[in-house]
Amino acid sequence: IVSQQPSAGSSLKQGSAISVTVSKGLPIESVPSLLGLGCAGATRLLAVNHLKGLCPAAAAGYSATIPVGQIINWSYANKLNATSAPYGGTVLIALSKGPAPKIIPNVAGDTYAQAQAALQALGLTVTESTTASTSHPTGQVDHTSPAIGSPVPPGSTVTVYVSSGPPTVQVPNVSGESVGQATAKLRTAGL
């Protein structure tokens, strides 16, 4: 009840009628467009319209077009980009985390050219290095840094390590050794 007639404190005969006005509820407020704003700016703008803004981290999402920290969308009562909400209502705001990370694909065993093409197709920068490997023959990719399967921001640099074959080892001097001693020394050296 928002008003009554006659007013409180008036004297009436018992059984007289009293007129009352029933509230229609909270007024509906307009939700302005929040695009291009960050959380603080959107919260201030909503406050001018008698609304609250909430920017929970769980609502943040990736966007290839909206910069980090700017609003992707907002909602009220599960209505995306709502244009109205009741006075004092809380509008949930989703902020951009920027472009989604890229996952480094499994390029082990590929040639450098194949690995380079696959990584560049993801928008990554590629550099080449060589490494001795017993896992992959000469000319094949042994591993990457960051590692295969790792998430990286778009535009990151990935170093592709191409096998130069098995590592070289220093041959030990086995002259004057018995066959058993020579064999043991050679095995210890990886020969």
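View 1. Strands E4 and E8 pair in the parallel sense. Helices (H or I, at least four residues) and strands (E, at least two) are DSSP runs, numbered from the N terminus. Leu54 has Leu92 in E8 as its bridge partner. Helix H1 packs on the sheet and touches E4, E5 and E8, where contact means heavy atoms within 4.5 Å. The direction of H1 makes about 160 degrees with that of E8; axes are lines fitted to C-alpha atoms, for helices over the stretch in contact, and angles run from 0 to 180 degrees between N-to-C directions. The model is predicted: local features need pLDDT of at least 70 and side-chain atom pairs count only at pLDDT 80 or more, whereas totals for chains, interfaces and linings use all residues. Residues are numbered from 1 along each chain as its sequence is written, and side-chain values use heavy atoms, with hydrogens and water left out.View 1. The model is predicted: local features need pLDDT of at least 70 and side-chain atom pairs count only at pLDDT 80 or more, while totals for chains, interfaces and linings use all residues. Residues are numbered from 1 along each chain as its sequence is written, and side-chain values use heavy atoms, with hydrogens and water left out. Strands (E, at least two residues) and helices (H or I, at least four) are DSSP runs, numbered from the N terminus; two strands pair if DSSP finds at least two bridges between them. The bridge partner of Leu54 in E8 is Leu92. Helix H1 packs on the sheet, where it touches E4, E5 and E8; contact means heavy atoms within 4.5 Å. The direction of H1 makes about 160 degrees with that of E8.

**View 2. An open sheet holds 4 strands in the order E4-E8-E5-E6.** The pairing in this sheet is mixed. E4 and E6 stand at the edges with a single partner strand each, so one side of each has no neighbour in the sheet. E5 and E8 (residues 90-95) run antiparallel and are joined by 4 bridges, with Trp74 opposite Ile93 in E8.

**View 3. A hairpin is formed by E5 and E6, with 2 residues between the strands.** These strands run antiparallel and share 2 bridges. Ser75 stands opposite Leu80 in E6. Ala77 takes a positive phi near 50 degrees.

**View 4. Cys39 and Cys55 form a disulfide.** The structure holds 1 disulfide, defined as a pair of cysteine sulfur atoms within 2.5 Å; here the sulfur atoms are 2.1 Å apart. Cys39 lies in helix H1 (residues 39-48) and Cys55 in the loop between E4 (52-54) and E5 (71-76), so the pair ties together parts that are 16 residues apart in sequence. The torsion about the S-S bond is about 100 degrees, and the disulfide is therefore right-handed. Cys39 counts as partly exposed because its relative accessibility is 26%; buried means under 20% relative accessible area, exposed over 50%, and partly exposed in between (1.4 Å probe, protein chains only).

**View 5. The largest nonpolar core has 12 residues.** Such a core is a set of buried Ala, Val, Leu, Ile, Met, Phe, Trp, Tyr and Cys residues joined through side-chain atoms within 4.5 Å. Its members include Ile104, Tyr112, Leu119, Val126 and Val160. Helix H2 (112-121) and strand E13 (157-163) are the elements that give two or more residues to this core. A second, separate core of 11 residues includes Leu46, Trp74, Ala85 and Val91.
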